[in-house]
Amino acid sequence: MTEAARAAAADPTGTRLRDDVPLDVNGMPHGQPVLDSLVALLDLERIEENIFRGVSPASSPVRVFGGQVAGQALVAAGRTVPPERQVHSLHAYFIRPGDPSIPIVYEVDRTRDGRSFTTRRVVAVQRGKAIFALSASFQLQEEGIDHAEPMPEVPDPETLPTFGEQIGPLIEKLGRAQPRPIDVRYVTEPPWVSRERGPREARSQVWMRADGVLPDDDLLHVCIAAFASDMTLLDAVLARHGVYWGLDNVSGASLDHAMWFHRRFRADEWLLYDCASPSASGARGLATGRFFSRDGRLVATVVQEGLLRVSD
C-alpha cells in the first residue's frame, strides 16, 4: 500500500476529501487521492482467520456498487491463498441489494487446496443475509499453448475527451459528480449521446485505467479491474435500445458476473474494454467484455447478465 493509501485508510468511506484533490471540468474529484481511497476501500479488515469486513464510500448511491463488492470479495479470497497462486477466474451472483450505510462481512470457505489450483468461495453478508456470492480459482503459473484474438483498431486514449468533458451538463441529472478513481475515455459514442439518435449497434468501447499509480501487487491490480469491469459493461445493451440510466425510464442491476484473467497486467496502465451484447430478453441483458493491454494483449474476458426493465 502506498503512503497516500495508508493515509486514506484512516477515512476509508471517503467522507473527507483533502483540499489538494484535483477536480475534473465538471467538479468530479479524481486523481491519486481518489485512487488511494479506493485502494483503502479494498484493504479489508481481518476479523477472524476466514472472515473480513469492508465498508462503502460515503458517496455511494442507494445501494452498494456491484464492482465494489466483487472487488472486496476477491480481496477476501486472495488473502487466504499463497501469493504465488494467481487468480485466473471468478464467478459471482448478486443476491440482494447491498446497503452502503453499514459494513459488509465477507466469509471465506477454503474449498480446495490442490497441487496446482486453489478454490475459494466467498459470501458477502449484511444483517445476517447473503447479498453476494463469489467463487474464485487460483493457479500456480505454468507454461503451455498460447494464442489470443487481436485487439480492435481504436484511437489512442490521449486523443479522447475525459468522462467529465463528455458527460457535460448532464452530470448533475445523472448523479455522477462524485469521486471517480477510474479514468474512462469513450471510443464509441457514449450511450447518453447516441440515445438522441435512437438504437445503434450493441457495442461499447472505452479506454480505462486506475487514475494514479498503484503498488506492485498483482491481486490488487486484478481487484481494481474487477471493480472497473462493472462500470460500463451494460452500456452495450442500452445502446442497442437507445436508452440510458437517469434519462429514460430504465432501471436495472447486475445479476451475475464472471471474469477470466488470461495474462498479467497493470490496472494503472491503459486497458481497452471492448464490450458487446449478443442478446436481451425476459427483462435481462447479456453483455461480454474483453480487456486488452495497450500493446494489444488480451488480458481478461468478462461476461455479465443484468436485470433491465424499461417502462413506458
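Which residue in β6 is the bridge partner of H91? In this predicted model, the partner is S135. Strand β3, residues 85–94, pairs with strand β6, residues 129–140. The two run in the antiparallel sense, and nine bridges link them.

Now step back to the whole sheet. Twelve strands make up an open sheet, and the pairing is antiparallel. Read across, the order is β1-β2-β4-β5-β6-β3-β9-β12-β11-β10-β8-β7. The edges belong to β1 (45–48) and β7 (182–186). Each has a single partner strand, so one side of each is left without a neighbour in the sheet. From one strand to the next, the twist averages 25°.

Helices pack on this sheet. Take helix α3, residues 66–78, which touches β2, β3, β4, β5 and β6. The direction of α3 makes about 50° with that of β6. Helix α7, residues 218–229, also packs on the sheet. The strands that α7 touches are β3, β7, β8, β9, β10, β11 and β12. Its direction makes about 150° with that of β9.

Helix α7 has a helix partner too. Helix α2, residues 32–42, packs with α7 at an angle of about 105°, and their axes are 11 Å apart. That angle falls between 65 and 115 degrees, so α2 is roughly perpendicular to α7. From α2, the contact uses L38, V39 and L42. From α7, it uses L220, C223, I224 and F227. What kinds of residue are these? Seven are nonpolar, none is polar and none is charged.

Next, look inside. In soluble globular proteins, nonpolar side chains tend to be buried together. Here, the largest nonpolar core has 71 residues. Y106, F132, I224 and F291 have the most contacts inside it. Helix α7 gives this core its largest share, eight residues. Follow I224 for a moment. Beyond its neighbours within four places in sequence, I224 is in contact with L38, L42, I182, A210, L214 and A267. There is also a second, separate core of six residues, including L160, L272, F292 and L298.

Finish at W270, in the loop between β9 and β10. Is W270 buried or exposed? Its relative accessibility is 6%. Buried means under 20%, so W270 counts as buried. In sequence, W270 and P157 are 113 residues apart. In space, they are 7.7 Å apart, C-alpha to C-alpha.

Note on methods: Residues are numbered from 1 along each chain as its sequence is written. This is a predicted model: local features need pLDDT of at least 70, side-chain atom pairs count only at pLDDT 80 or more; totals for chains, interfaces and linings use all residues. Side-chain values use heavy atoms; hydrogens and water are left out. Two strands pair if DSSP finds at least two bridges between them. Helices (H or I, at least four residues) and strands (E, at least two) are DSSP runs, numbered from the N terminus. Axes are lines fitted to C-alpha atoms, for helices over the stretch in contact, and angles run from 0 to 180 degrees between N-to-C directions. Contact means heavy atoms within 4.5 Å. Angles under 35 degrees count as roughly parallel, over 145 as roughly antiparallel, 65 to 115 as roughly perpendicular and the rest as oblique. Ala, Val, Leu, Ile, Met, Phe, Trp, Tyr, Cys and Pro count as nonpolar, Asp, Glu, Lys and Arg as charged, and the others, Gly among them, as polar. A nonpolar core is a set of buried Ala, Val, Leu, Ile, Met, Phe, Trp, Tyr and Cys residues joined through side-chain atoms within 4.5 Å. Buried means under 20% relative accessible area, exposed over 50%, partly exposed in between (1.4 Å probe, protein chains only).
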